[in-house]
Amino acid sequence: MGCGGSTAKPYIPHEDPPDPVAPNAGKQTEVKVDGGAGFTINQHAGKAHPGDKVREKGSGFLPFVRYDMSAVPPQIKGGDHIYLIFTYSEVALEAQGDKIVGEGAELKDSCLFRVWRKDGTNAVFQDGDSVFFEHVESGKYLELPNDTQPLCLADKNESSTGQTFGFFKQGRPMEMKHRDTVYVQSWLHHYVEYRYFEDSNLYAKRWQRR
């Protein structure tokens, strides 16, 4: 006869699993107070045990990180405050009296505008909406009477076509957001551009977006 190794598993008698062990309830200490009353303190051992490794924390460690939902929303809505800055030169539109110029990159109070929807609502702006630009410091409105005169400020005049501008953006989605690349179009369908002439005045003389 031949003798070979068996592939059958050895017999192991069935054993019931051990009964669960209750966690350490901690040391209970009874405290007596005057008058015969008392109370019990239960001192739990906690999750840390002698010999556990402690992860080192840097000097800038914080126990949690909070995402601030109260931040300014990125969408531009009717009545929002904005700065208008030329993309490549980083020069901001600035008011000097009733003149609008492009001279410096510093964002001063004289550079702050509020943009209003023509329908007067506070809805989010969409690409191509008609808008008014109110200069916050003076309360006057951006105006472009024609394509030969530079941008200026004037008292609000709802019947003035020169105070209505087209507000366009580059790319999609259609709704406009802060830090988008935008184009300001005059009522003559020309676009405001920087350094059309060598002076600091701003004109809208061409259909080309620059």
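Modeller: This is a predicted model, and the mean pLDDT of the protein chain is 77. Of its residues, 67% reach 70 or more.

Colleague: Where does pLDDT stay under 50?

Modeller: That is the case over residues 1–6. The model has zero contacts beyond four places in sequence for residues 1–6. Where pLDDT is low, the predicted coordinates should not be read in detail.

Colleague: Understood. How many helices and strands are there in the protein chain?

Modeller: The protein chain has 13 strands and zero helices.

Colleague: And what share of the 210 residues is buried?

Modeller: Buried residues account for 28% of the 210 residues. The accessible surface of the chain is about 15500 Å², and carbon and sulfur atoms contribute 52% of that surface.

Colleague: What about contacts between residues at least 6 apart in sequence: what percentage join residues at least 24 apart?

Modeller: The figure is 44% of those contacts in the protein chain.

Colleague: What does Phe 133 touch, not counting residues up to four places away in sequence?

Modeller: Its contacts include Ile 82, Leu 84, Phe 113, Val 115, Tyr 141, Leu 142, Phe 165, Phe 167 and Val 184. Arg 114 and Lys 140 are also among the residues that Phe 133 touches.

Colleague: Now the surface. Which residues form a nonpolar patch there?

Modeller: Tyr 83, Ile 85 and Leu 107 form such a patch, and together they have about 260 Å² of accessible area.

Colleague: Where is Leu 107 placed?

Modeller: Leu 107 lies in the loop between β5 (99–102) and β6 (113–117).

Colleague: Why does Leu 107 count as partly exposed?

Modeller: Leu 107 counts as partly exposed because its relative accessibility is 42%, and that class lies between the cut-offs of 20% and 50%.

Colleague: And which residues is Leu 107 in contact with, leaving aside neighbours within four places in sequence?

Modeller: Leu 107 is in contact with Tyr 83 and Ile 85, as well as with Ala 92.

Colleague: One last item: how far apart in space are Leu 107 and Glu 94?

Modeller: From C-alpha to C-alpha, Leu 107 and Glu 94 are 8.6 Å apart, with a separation of 13 residues in sequence.

Key: Residues numbered from 1 in each chain as written. Predicted model: local features only at pLDDT ≥ 70, side-chain atom pairs only at ≥ 80, totals over all residues. Heavy atoms only, no water. pLDDT = per-residue confidence, 0-100. Contact = heavy atoms within 4.5 Å. Patch = residues over 30% accessible without salt bridge, like charges linked within 9 Å, V, L, I, M, F, W, Y side chains within 5 Å. Areas by Shrake-Rupley, 256 points an atom, 1.4 Å probe, with all protein chains shown as cover. Salt bridge = Lys/Arg side-chain N within 4 Å of Asp/Glu carboxyl O. Helix = DSSP H or I, 4+ residues; strand = E, 2+ residues; numbered from the N terminus. Buried < 20%, exposed > 50% of the residue type's maximum accessible area, 1.4 Å probe, protein only.
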